[in-house]
Amino acid sequence: MDGPAAKLTDYSAGITAIDADYVRPKLAASHLIVEEGRAAFVDTGTTHSLPNLLGALEVKGIARENVDWVLATHVHLDHAGGAGALMRELPNARCAVHPRGARHLAEPSKLIEGSIAVYGEARYRQLYGEIVAVEGTRLHVAEDGERIALGARTFELIHTPGHALHHYCVIDIDNDRIFSGDTFGISYRDFDVWGREFIFPTTTPVHFDPEALCASIDRLMSYEPEAIYLTHFGEVRDLERLAGEMKVRVRAFADLGQLYAGRADRSVKLRRGMYAMLSHWLDGHGFPADPGERHRLLDDDIELNCQGIEVWLDRSKA
Ligand SMILES: [Zn+2]
């Protein structure tokens, strides 16, 4: 299989994961939801992801005019960096965003600055390219618990702080599914062992809050979903187990941070400790004990997670 179809993973209920081609294959997804010939995207990847998203519409036979929604779960650039470029191609779409994220999509300069601070200028350019603003009049500010429609299908948008204060999740009410952005963590398919999923939290700067994140996970589970769709990466179904593991691991990361909080070598200790912790969980999961492969799959997330935990430690201290 080649061409745009090669970037797609089809699930049931008209849901497809599109590989955003961010960093490596199947690291970040945009989800396309099709209902009676109308469509919505959940998260957009970066500006570089645009050809894959438009290719998915072509494969599914959906005209660009028939896309009603671009649902940006939060404004981190691997989720919404491509929103402006995508909106230019979708004449009838509205872009739903958390009240705290709206101004960043309309005026992305602060977002760009923040990301350059995390990644450095060169890597930032390579990862994100040019960021296009979303016209203010096309933004839809999503209040907590608000319902929107895609044809006959209803989505409830709920605010889920913990990963980011500007984060919401999309509850697909009629199908018992949830699009969780980063709130339900990361589950790369690379870590599947005999179809069993491995999950861990993403604690990216600058809003990580462990207790808020655990409360948000409980709120997602209160809808008794059948499947959850993670931006990193795609559908997971073993939800009772995964929700339990997520909460244990959020608190384990926070405890690890507190263990090293007062030390001059905090940053180094934290990064080593997080790798050891993830590696221990992977041992229990039955994943091959190949340090090279584990580092390849985990090091970028460990770096981001540790930066986020350090920001949280400094904020708790202040
Ligand atoms: Zn994020």
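What spacing do the donors of the zinc ion follow along the chain? They follow H-x1-H-x86-H-x18-D, where donors are N, O and S atoms within 2.8 Å of the metal (3.2 Å for Na, K and Ca), and sites may look incomplete because water is not among the atoms.

## About the model

This is a predicted model, where local features need pLDDT of at least 70, side-chain atom pairs count only at pLDDT 80 or more, and totals for chains, interfaces and linings use all residues. Residues are numbered from 1 along each chain as its sequence is written, and side-chain values use heavy atoms, leaving out hydrogens and water.

## The zinc site

His-74 (NE2), His-76 (ND1), His-163 (NE2) and Asp-182 (OD) hold the zinc ion at 2.1 to 2.2 Å. His-76 sits in the loop between β5 (67-71) and α2 (77-80), and Asp-182 in the loop between β11 and α7, so this pair ties together parts 106 residues apart in sequence. Helices (H or I, at least four residues) and strands (E, at least two) are DSSP runs, numbered from the N terminus.

His-76 is buried at 15% relative accessible area, and Asp-182 is buried too, at 3% (buried is under 20%, exposed over 50%, partly exposed in between, with a 1.4 Å probe and protein chains only).

Now for the strands. An open sheet with mixed pairing runs β8-β9-β10-β11-β12-β13; strands pair if DSSP finds at least two bridges between them. Its edge strands are β8 (146-150) and β13 (234-236).

Strands β10 (168-172) and β11 (177-181) are antiparallel over 3 bridges, with Asp-172 opposite Arg-177.
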